[in-house]
Amino acid sequence: MQVIDFIKQSNKLIFSLEIIPPKKGKSIQGIFKTIDLLKEFNPNFINVTHHQQMVVYEEQNGVIKKIPKRKNVGTVGICTAIRHKYHIETVPHIICGGFSKYDTEDALIDLNFLEFKNVFVIRGDPPPGEKDFIPEPNGYKYAYQLVRQIDNLNKGKYLEDLENANPTNFCIGVAGYPEKHIEAPNMAQDLLNLKNKVEQGADYIVTQMCFDVQKYKKYVKKAREIGINVPIIAGIKPFTSKRLLHTLPRDFHISIPDELVKEVRKAKTAKEVRKIGIEYTIQICKDLIDFGVPGIHFYSLGRGKRVRDVVKEIL
Ligand SMILES: Cc1cc2nc3c(=O)[nH]c(=O)nc-3n(C[C@H](O)[C@H](O)[C@H](O)COP(=O)(O)OP(=O)(O)OC[C@H]3O[C@@H](n4cnc5c(N)ncnc54)[C@H](O)[C@@H]3O)c2cc1C
């Protein structure tokens, strides 16, 4: 089922999870453990992220060669395993980084064959250890270009003229940033770029993790003012440890509200921090529901127990 249909047809809160593929050499059991903790609450769908592989340059017989080092296990394989085991809809992330438009078309044709109905489209972060995003030759610099390619496939327009080619049927999700994307010069420009992704064919938006309901509300208001009318699902990460006070702003360019910072700093033990963090997360979810959020997307990041602590209080 398409994510957009879950949103349109459900009479209760849509909730979803995001899973990061484990590093190579690890098993899928960690992912199954997270889902086992949450399956009784019937998550509507599960996203599986995709990350650009690291590349190293090595000299071989006097020639410098580019050698890809695959770091994470394959997204599509994990999606398929989850679908078979739990019969839950899965949403693979498709990134621009590392793909030419031809690689992308091949990947999408495979996904269509495997009867995927949803994709989440992002530009992707630069590979580990690199600062700037560099598109592949014949690849894309921005997510909207990839959205356009998928929208074309949905209309039966492949990169080459194919006779009687079937259109695909992907529901497309894209990312939004209530605190602005780090590279955008200002919020107004970032929102215009978001609007462009919607105009190119995106069906809904999922936000970067947000710890401040007022910021989410303001973002939705501004988006509506400029004519972005698709559902905006809120991204939520359960707050679980003191360390997150600096790692989340550093890694995701988001801020933590003062009231949470003060409470967490006062806490004496890790358990106390967790209690404060989970209560805070439950409260923001309740406020979002009161506001009429179309869905809550949990960045579970291997924290199934903590998502469970929140979900059981809000569903
Ligand atoms: C819900 C969610 C899921 C994610 N999943 C993954 C994942 O699986 N793998 C991964 O590697 N990363 C993931 N990310 C991180 C994401 O890849 C990074 O934040 C990335 O830097 C931007 O991706 P985007 O799709 O938002 O990019 P874009 O929409 O392309 O925007 C990137 C920047 O370019 C600007 N921009 C857009 N269009 C134009 C234009 N025409 N001219 C000038 N500037 C423009 C935007 O304002 C923004 O600043 C995710 C983020 C979110 C919020």
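**View 1. The lining of the second largest pocket is made up of 4 nonpolar, 3 polar and 4 charged residues.** Here Ala, Val, Leu, Ile, Met, Phe, Trp, Tyr, Cys and Pro count as nonpolar, Asp, Glu, Lys and Arg as charged, and the others, Gly among them, as polar. The model is predicted, with local features needing pLDDT of at least 70 and side-chain atom pairs counting only at pLDDT 80 or more, while totals for chains, interfaces and linings use all residues. Residues are numbered from 1 along each chain as its sequence is written, and side-chain values use heavy atoms, with hydrogens and water left out. To find this pocket on screen, look for Lys237, Thr240, Ser241, Arg243, Leu244, Thr247, Leu248, Asp251, Phe252, Leu301 and Arg303, which line it. The second largest pocket holds about 240 Å³ of space. A pocket is an open set of points on a 1 Å grid over the protein atoms alone, with protein on both sides within 12 Å along at least five of seven lines, and lining residues have an atom within 4 Å of a point.

**View 2. The ligand sits among 24 residues, of which His50, Tyr177, His181, Asp190 and Lys197 come nearest.** Which elements each supply at least two residues of the shell? They are β5 (89-95), β6 (118-122), α5 (143-154), α6 (187-199) and β8 (204-209), with α6 giving the most, 3 residues. Helices (H or I, at least four residues) and strands (E, at least two) are DSSP runs, numbered from the N terminus.

View 3. The protein covers 87% of the 980 Å² of accessible area that the ligand has on its own, by the Shrake-Rupley method with a 1.4 Å probe.

**View 4. A search of the whole structure finds 1 cavity of 30 Å³ or more.** A cavity is a set of grid points where a 1.4 Å probe fits but cannot get out. About 30 Å³ of space lies inside the largest cavity; this volume is the space filled by probe spheres set on the points, which are joined across faces, edges and corners. Cys210, Asp212, Val213, Tyr216, Ala234, Ile236, Ile284 and Leu288 form its lining. Two or more of these residues come from each of α7 (213-225), β9 (232-236) and α10 (270-291). The lining divides into 7 nonpolar, no polar and 1 charged.

View 5. Asn42 belongs to the loop between α2 (29-38) and β2 (45-48), and counts as exposed because its relative accessibility is 52%, where exposed means over 50%, buried under 20% and partly exposed in between (1.4 Å probe, protein chains only). At 38%, His253 is partly exposed.

Note on methods: A residue is near a molecule or strand if one of its heavy atoms lies within 4 Å of it.
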